[in-house]
Amino acid sequence: MAWVQVLDKDHLSVKLDDKDDSALIEVNDGGISPNYVTIRLNEHEVDELIEALQRIKQSMQ
């Protein structure tokens, strides 16, 4: 598994696992001992997530 860091923010990171062609989205609560949630998405799920985020963005404008 080789992870390519795509986005790294305070509580959010997005990585590409170039061995199995999946995206890893990791969110943490930012506490002293942070709790993490990691979501692994395949290509189709990434497309669905992008579409959902675009709809949300349009609703926010």
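N28 is buried, with a relative accessible area of 15%, which puts N28 under the 20% cut-off used for that label. Keep in mind that this is a predicted model.

So where does N28 sit in the chain? It belongs to strand 3, which covers residues 22–28. A polar atom of the N28 side chain comes to 2.7 Å from the backbone nitrogen of G30. Setting aside neighbours within four places in sequence, N28 also touches D10 and H11, along with P34, N35 and Y36.

Zooming out, the protein chain has 4 strands and 1 helix, and the order along the sequence is β-β-β-β-α. With a radius of gyration of 13 Å, well over the 10 Å that the globule rule gives for 61 residues, the chain is more spread out than a compact globule. Its C-alpha atoms fill a box of roughly 35 × 30 × 15 Å along the principal axes.

Here are some whole-chain percentages:

| Property of the protein chain | Value |
|---|---|
| Buried residues, out of 61 residues | 15% |
| Contacts between residues 24 or more positions apart, out of contacts with a separation of 6 or more | 3% |

What about charge? The protein chain carries 13 negative and 6 positive side chains. The centres of these two sets lie 4 Å apart.

Key. Residues numbered from 1 in each chain as written. Predicted model: local features only at pLDDT ≥ 70, side-chain atom pairs only at ≥ 80, totals over all residues. Heavy atoms only, no water. Helix = DSSP H or I, 4+ residues; strand = E, 2+ residues; numbered from the N terminus. Rg over C-alpha atoms; globule rule 2.2 N^0.38 Å. Buried < 20%, exposed > 50% of the residue type's maximum accessible area, 1.4 Å probe, protein only. Contact = heavy atoms within 4.5 Å. Lys, Arg positive; Asp, Glu negative; His and termini not counted. Charge placed at Lys NZ, Arg CZ, Asp CG, Glu CD. Polar contact = N/O pair within 3.5 Å; in protein donor to acceptor, adjacent residues only side chain to side chain.
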